[in-house]
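Could you walk me through this structure in plain words?

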Amino acid sequence: MEPIKKRITDYWTNRAEGFKEQRIHEFNNEKRQRWLAELRRLVPGGRKLRVLDLGTGTGFFAFVMAGEGHEATGIDLTPNMIGCARETAELLGIKAEFHLMDAEQPAFEPESFDVLLTRNLTWTLPHLEKAYKAWYRLLAPGGVLINFDADYCRALESDDEVELPENHAHKLVDPGLMAENESITMEVGAYQMARPQWDVQLLIEAGFEKVTVDTGIHRRIYSEIDEFYNPVPIFGIAAYK
C-alpha cells in the first residue's frame, strides 16, 4: 500500500466508530430525505438498479439506495469502516453488501453497475484520473457516476479562512486527528488541480459523454448549521456513460 493510502487508512481507522454514530443519526434525520431527493433527480427511474457506493465509509449511501429497492454494494479501503458498515446494516435491517477494496482499483467486472455513488472520497485519491477511468469501465451503458465532494485543499490554502460555526460535522473530532486530516488534505492536494473544473476535464478524458456540475447542492443539503454541517461548499457532479 502506498504511504499516503496507509496514512489515510490509519486516519479513518481512528474515526470509524464516531463516524458510524454520526451516519446513523444522519440516516434517521431529515438529511437522508434531502440526499434522496438529490439522488432521485439523477438516477434512472422505473427499475431496480445495481449501485456501487465508492468509499462507502459506514455505508450511508448504500443504505439510502437499498431502502429504495436497489441492489446496493459498498467498498472502502479501511477495514474498520467496512466492519462498521456491516454492523449498521444489521442494526438497521437493511440488505447491502460491503467489501474491503481500493476505490482507485475496484475489483469488479466491466459494466457491473448502473450507478456509481461517492461522497467526500475523491479529495483523498492521489490518482484521480486513474480512478475515473476505472469507474467508467464499471458502468453499464447509460449508467451514471454521481460524485459529491469539495475542493478542500484550495479551501485550506485560501487567504479567506473558513469560519467554523459552533456546531459542525467535525465538532467532536480530536484536534490531533483534525491536524492529521489537514495534513493529508494538503499532501493529496499537491496531486490535484482546482476542482470541480479539473474533474470535468478528467471525466471527459475518461470517456464520459455528458458531465454536469451542480454548485447549489451545498445550500440545499446544509441549510441549517447542525451536527452534519460542512462549512466548505460542496459540489455535485453527474457523469453519464
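**Starting from the core**

Let's begin inside: the largest nonpolar core has 48 residues, and W35, L39, F98, V115, L117 and I146 are those with the most contacts inside it. A nonpolar core here is a set of buried Ala, Val, Leu, Ile, Met, Phe, Trp, Tyr and Cys residues joined through side-chain atoms within 4.5 Å. Buried means under 20% relative accessible area, exposed means over 50%, and partly exposed is in between (1.4 Å probe, protein chains only). Two or more residues come from each of α1, α2 (30-42), α3, α4 (79-92), β4 (113-119), β5 (139-149), α7 and α9 (217-221). Those labels are DSSP runs numbered from the N terminus, with helices (H or I) of at least four residues and strands (E) of at least two.

Before going on, keep in mind that this is a predicted model, where local features need pLDDT of at least 70 and side-chain atom pairs count only at pLDDT 80 or more, while totals for chains, interfaces and linings use all residues. Residues are numbered from 1 along each chain as its sequence is written, and side-chain values use heavy atoms, leaving out hydrogens and water.

Take L117 from that core. Setting aside neighbours within four places in sequence, L117 is in contact with L39, V51, L52, D53, L54, F61, M65 and I146, where contact means heavy atoms within 4.5 Å.

Now for the helix pairs. Helices α1 and α4 pack at an angle of about 20 degrees, with their axes 8 Å apart. The axes are lines fitted to C-alpha atoms, for helices over the stretch in contact, and angles run from 0 to 180 degrees between N-to-C directions. So α1 is roughly parallel to α4; the cut-offs are under 35 degrees for roughly parallel, over 145 for roughly antiparallel, 65 to 115 for roughly perpendicular, and oblique for the rest. Their crossing is right-handed, a word used when the near helix is turned clockwise from the far one by less than a right angle, with left-handed for anticlockwise. On the α1 side, the contact includes W12, F19 and K20, and on the α4 side C84, E87 and T88 are among the residues taking part. By class, there are 10 nonpolar, four polar and three charged residues. Ala, Val, Leu, Ile, Met, Phe, Trp, Tyr, Cys and Pro count as nonpolar, Asp, Glu, Lys and Arg as charged, and the others, Gly among them, as polar.

K20 deserves a stop of its own. This lysine lies in helix α1 and is buried, with a relative accessible area of 11%. Not counting residues up to four places away in sequence, K20 touches T58, C84, E87 and T88.

Helix α1 (residues 3-27) also meets α7 (residues 175-189): their axes come within 11 Å and cross at roughly 150 degrees. That makes α1 roughly antiparallel to α7, and the crossing is left-handed. Six nonpolar, three polar and four charged residues make up this contact.

How do α5 (residues 128-138) and α8 (residues 197-206) cross? Their axes come within 9 Å, at roughly 45 degrees, so α5 is oblique to α8. Seven nonpolar, no polar and three charged residues form that contact. In α5 you'll find Y136, which is partly exposed at 21% relative accessible area.

Finally, some backbone details. Most residues other than glycine have a negative phi, and most peptide bonds are trans. Yet the peptide bond from R195 to P196 is cis, with omega near 10 degrees, and P196 is found in the loop between α7 and α8. E111, in the loop between β3 (97-100) and β4, has a positive phi near 60 degrees. N120 has a positive phi too, of about 50 degrees, and its place is in the loop between β4 and α5.
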